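This report looks at charged side-chain pairs. Here are the sequence and the structure.

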Amino acid sequence: MKRNIFKAFPAIAMMLLLASCSDFFDQESDHVIYADKGHLGNATDTIYSVTGIMNKLQVISDRTILLGEVRGDLMDINDYTPADLRDVARFDIGDNNAYNSPRDYYAVINNCNYFIANADTALKNNRNEYIFMREYAAVKAFRAWTYLQLVLNYGQVPFVTEPILSNADANKDYPMKGIQEVCDYFISDIEKYATIETPRYGTIRSNDSRFFYFPIYILLGDLNLWAGHYKEAALNYYRYLSTRNGTNSAYPISTNSVSWSANDSHWRNTSDGWSYNSFSSETYNNYSELITMIPGDSIPSEGNYSELRNIFNGLNNEDHAMLKPSQYMFDLSAAQPYCYLTVSNDVVYAPQGLDDFQTGDLRLSSVYNKYRVSGSGNVIIISRNSNEDNYYISKYATRNVHIYRRTMVYLRMAEALNRAGYPRFAFEILKNGVNNRQIENEVIPYYTADSTWIRQFDFPNTDYVLRTRGNLTTENTMGIHSHGSGWSSFNEYYVLPDDTLITDSLMRRDYQIEKVEDLIMDEEALEFAFEGYRFYDLMRVALRRNDPSYLANRVYMRRGTDKVDEVKAFIGRDLNDTRNWYLNWNDQIGLGY
């Protein structure tokens, strides 16, 4: 039996009881570790096993973010980027690259397989309640999420759903499955557990353990989104939002934003209620932005310490961050017209060319900070346009790796609704926010034949109060674009794309779907920059459109439109060939060449 302490839970001394899959793809070793139990039938076994799986998730947490961000268009390398990360940015990720280790994913999967095969889910207490069903559902979700990360990065993977406990098991030929097959399998595998609550292990090291799980409704949304089942994806995201705080509860998008201060005619001062609530706060309540995180250790010597703070923040790494925002990110942010509503209800727009990269959308300037250190050792924030090279990205302020947050659910619901044929519904989420009144007035009149289906999305007006001129004290919902671009509801430049010259209604709808999808992708960049979603977002749209250039052209614009050839030479691979998007390992996993 292999024992492994889950570092984030020292008070409980969690040990891992399950077989390791670390050598599953290692042909140079015959070493296989066996589990010594054929059942998990008591609370101790079950809790130890679940937290052991969490331990394995810690190992893949950093690469989940880095593989999703460094290959995209919103980040670039600098003089301090380590070789392995530089190779990730170049799409040249060899077998020995630290971020190319499929065995770490299979270590999670094999532990999940063992638990699923051996947990006694039929066991009941004296109140006739199933004792271990919460843990069973949580492990099903761990496995589904891990397989999704694996197949998104490798394109095609050996598919194993039974525990590997012997050399004979390890040497079997397992079927290879791609993204569609993996998604369809796990949709069927987990959907029956969507309403089961997560385990409750209380507060561990100041973290509420409810953050440590992957909500099945969100997973079902993601799996259906990748599989192209757009109506089901949208409904599952909605089901999470409407049940997150209990049956028929509310989980509004909130009005946290970065905005120019009222009555500041010189455009000097901003008010930021967005960045702290989105990234630093790890307090669980009915309005928490954070949904899921993988807990990390507090010091490097503990073994599962996240390096993300060191990679993204010079403050934590001798004043040298290892990655930087791309020029494309700055250009996209600056291109957004910022709409300002004065105290006298006049609509004005912030000027172009403001200092500190505060032209346009303010979310980038909220989280990207340049600084210098004074002689006394104090950190002084300075102009972002200065020549100082010290900077930090405040999205990485804690030791934990954030995976899901509330705004992500809303934006992915918008993406699914748009592709399901309702671009006006999707655009309302971006521009105004949604409640039932908004849906009845601005959505249903354009899709009357589908009104019954649309009304499943129930956002009661009393629970979802849209921001207007007259309710600044009771509002709790706004369009997501308003998080950084001002009052989007009054922004005459931020409107639903349309082409009235297209007379065919279906062609006009398809035109709107594609254009709204472009707006959603821009919004995901503005909202989620550096959080690890970007490459997968670009991949998903490119595959959906059967247009690899959608991803390739954006990645090539990392350093701006005038340096596309420079980035192409740096990458050295043709990203219009989808095979170059995926990792390969030892000719055993991946799409191959």
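## Model and terms

A salt bridge is a side-chain nitrogen of Lys or Arg within 4 Å of a carboxyl oxygen of Asp or Glu. This is a predicted model, in which local features need pLDDT of at least 70, side-chain atom pairs count only at pLDDT 80 or more, and totals for chains, interfaces and linings use all residues. Residues are numbered from 1 along each chain as its sequence is written, and side-chain values use heavy atoms, with hydrogens and water left out.

## Glu197 and Arg134

Across the whole structure, the search finds 35 salt bridges. One of them joins the side chains of Glu197 and Arg134, at 2.8 Å from N to O. Glu197 sits in the loop between α6 (179-190) and β4 (203-204) and Arg134 in helix α4 (residues 133-154), so the pair ties together parts 63 residues apart in sequence. Helices (H or I, at least four residues) and strands (E, at least two) are DSSP runs, numbered from the N terminus.

Buried means under 20% relative accessible area, exposed over 50%, and partly exposed in between (1.4 Å probe, protein chains only). Glu197 is partly exposed at 44%. Arg134 is partly exposed at 33%.

Asp510 bridges to Arg509, with the closest N and O atoms 3.2 Å apart. Asp510 is partly exposed at 40%, and Arg509 is partly exposed at 33%.

Arg544 pairs with Glu517 at 2.5 Å between the closest N and O atoms. Arg544 lies in helix α19 (residues 534-545) and Glu517 in helix α18 (residues 505-528), so this bridge ties together parts 27 residues apart in sequence. Arg544 is buried at 18%. Glu517 is buried at 0%.

## A network

Salt bridges also link Glu289, Asp361, Arg363, Lys395, Arg405, Arg406, Glu523, Glu527 and Glu531 in a network.
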